[in-house]
Amino acid sequence: MPYRSPVSDFRFIMDHIVDFDAVAQTDKYEEATPDLVDAILGEAGKLCDEVIYPVQRNGDLHPAKLENGIVRTSPGFAEAFSAIAEGGWIGVCANPEHGGMGLPVTIGTAINDMLSGACLSLHLNPLLTQGQIEALEHHASDEIKELYLPKLISGEWTGTMNLTEPQAGSDVGALSSKAEPLGDGSFAITGQKIYITWGDSDFSENICHLVLARLPDGVPGTKGISLFIVPKFIPNADGTLGERNNLRVVSLEHKLGLHGSPTAVMSYEGARGWLVGPENGGMAAMFTMMNNARLGVGTQGIGIAEAAYQAALAYAMDRKQGKVGGTGTIVEHPDVRRMLATMKAEIFTARTIALACGTAIDMGIATNDEKWKARAALLTPIAKAFGTDVGIDVANTGIQVHGGMGFVEETGAAQFLRDVRVTAIYEGTNGIQAMDLVGRKMMDGGDAAYRLLDEVEAGADAAKASLPELAEAVWQSAETLRETTEWLVGQDMTDRFAVSVPYLRAFARVLGGHYHLTAALKGDETRKKLAAFYIKRLLPEHVSLCAHVREGSDDLMAISPDDLAA
């Protein structure tokens, strides 16, 4: 079935739920008028539907391959990437000084959602380049910016992120890659990196790797790590390509999904690199890229959920099975209806959280208001973890809707689940996101969380006159979460970390109630029905999640490794 980008959903959420108009009224983003936003989203949707989605299956059926040291990409990927690059979509949010559009992150998030739904394997390439662009904009020298940014923004060159090593996964501080000064301002980078998404391709003129490595005097741990840009081909001062650098693709990983996206093992053998940011300041610079990527990864989950839902809905509307009324198709079965309604309601919740996060980022940038920055920081781990969890859950449910046809590869339903599964792992596992939420993001004593819950309760109070039953349920859920948060911030980190995952999901559940209630007030009858479904059937999950949170860690940690092995 064809993929249809959910442009109208983005427009509704931006106009009626997350108050994107406030972003457009700032001096920085005053050019993001409704007409411009409509045009951009419409064109992006057309690109995704007509150019990108048609190559989606190619990536799965004809994976990227390493042949004689050269990565051969899936059929049609080169042409589809060219369409992305030539349309200026890589630099949507990049600084106009170097060729970007300078548009708000909220718009970039919507575009990334559509591109992920159309073909995540391909979209991972420009997504990582976008993260590299942001890292260079914030931390690189003017010389590096002038040389690299125009090429990255245009899509002539692409970017990667090199953190992980065989012995250093989430514990980045355990890395062993070394950087030796060469005396001319450059460094010799030596080491091996694994899980490098789009570590090479046959359609990029140059691949620019951001690599974490340790200088000779770098102290152990994360405080002694520096960041370097290490290009495949060393550019001349005018941007033309010089000699090939001493780096290579050792192998490509054999993965569960995302077969069209080459995930490389990279070897750096005295490769020349240039420092990005200060010496031993690599983690700060890399986190700029990772924070960009975390919202992006959450959006990937939502995009695939959308594609999986559309495929399941089309199948359910066409498949005739059993004795049912109406059309005679399986969409008439109550359980199939339940699955589809759950998928649709969850996608709306996750998408709105992501766009609310994007709006908060934009307002923080435009106003420099610390409260907006705190809101963005609070929502980022929720957007990443819940968005990817929803992607996995919806893709899994999509297989169930297809029944036996979902388990065979011809329908493509299984590909969505295989492709989305890794999103809960990379850019910080969802467990790490939850720990970040209850740890670093609660160092303010919960103030940012309380301000958000104040808005949820105020919205529910305002809705009580027209939708009393739904509004009361949302208000009560916010109050329960507030009391749970008050308990949480009084605990030590062991207790917090032990219950961080259910706490994050409870927060997402309550936000979903708030957003669905707002949609019911401002949308049509369909949105009211969906809101009632979510608030009555899915929102109550917050009660058990909050009960889980308040158990702390004692009973969990009492289960020893021996007990687990018994």
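Student: With which side chain does the side chain of K232 make a polar contact?

Tutor: This is a predicted model. A polar contact is read from a pair of N or O atoms within 3.5 Å. Here the side chain of K232 pairs with that of D200, at 2.9 Å.

Student: Where is K232 found, and is K232 buried or exposed?

Tutor: K232 lies in the loop between strand 7 (225–231) and strand 8 (233–235). Burial is judged by relative accessible area, with under 20% counting as buried. K232 has a value of 10% and is therefore buried. Leaving aside residues up to four places away in sequence, K232 touches D200, S201, N206, I207, R244, N245 and L247.

Student: At what angle do helix 1 and helix 6 pack?

Tutor: Angles over 145 degrees count as roughly antiparallel. For helix 1 (residues 7–16) and helix 6 (residues 105–139) the angle is about 155 degrees, and their axes are 11 Å apart. The two helices are therefore roughly antiparallel to each other. Their crossing is right-handed.

Student: Which residues meet where helix 1 and helix 6 pack?

Tutor: Helix 1 contributes V7, F10 and M14, while helix 6 contributes T106, I107, A110, D113 and M114. By class, this contact has six nonpolar residues, one polar and one charged.

Student: Which residues of helix 1 are buried, and against which helices do they pack?

Tutor: D9, F10, R11, F12, I13 and M14 are buried in helix 1. The partners of the buried residues include helix 2 (20–24), helix 3 (34–52), helix 6 and helix 9 (334–367). Helix 17 (500–522) and helix 18 (525–538) are also among them.

Definitions and conventions:
Residues are numbered from 1 along each chain as its sequence is written. This is a predicted model: local features need pLDDT of at least 70, side-chain atom pairs count only at pLDDT 80 or more; totals for chains, interfaces and linings use all residues. Side-chain values use heavy atoms; hydrogens and water are left out. Axes are lines fitted to C-alpha atoms, for helices over the stretch in contact, and angles run from 0 to 180 degrees between N-to-C directions. Helices (H or I, at least four residues) and strands (E, at least two) are DSSP runs, numbered from the N terminus. Angles under 35 degrees count as roughly parallel, over 145 as roughly antiparallel, 65 to 115 as roughly perpendicular and the rest as oblique. A crossing is left-handed if the near helix is turned anticlockwise from the far one by less than a right angle, and right-handed if clockwise. Contact means heavy atoms within 4.5 Å. Ala, Val, Leu, Ile, Met, Phe, Trp, Tyr, Cys and Pro count as nonpolar, Asp, Glu, Lys and Arg as charged, and the others, Gly among them, as polar. Buried means under 20% relative accessible area, exposed over 50%, partly exposed in between (1.4 Å probe, protein chains only). A polar contact is a pair of N or O atoms within 3.5 Å; within protein, one must be able to donate a hydrogen and the other to accept it, and residues adjacent in sequence count only if both atoms are side-chain atoms.
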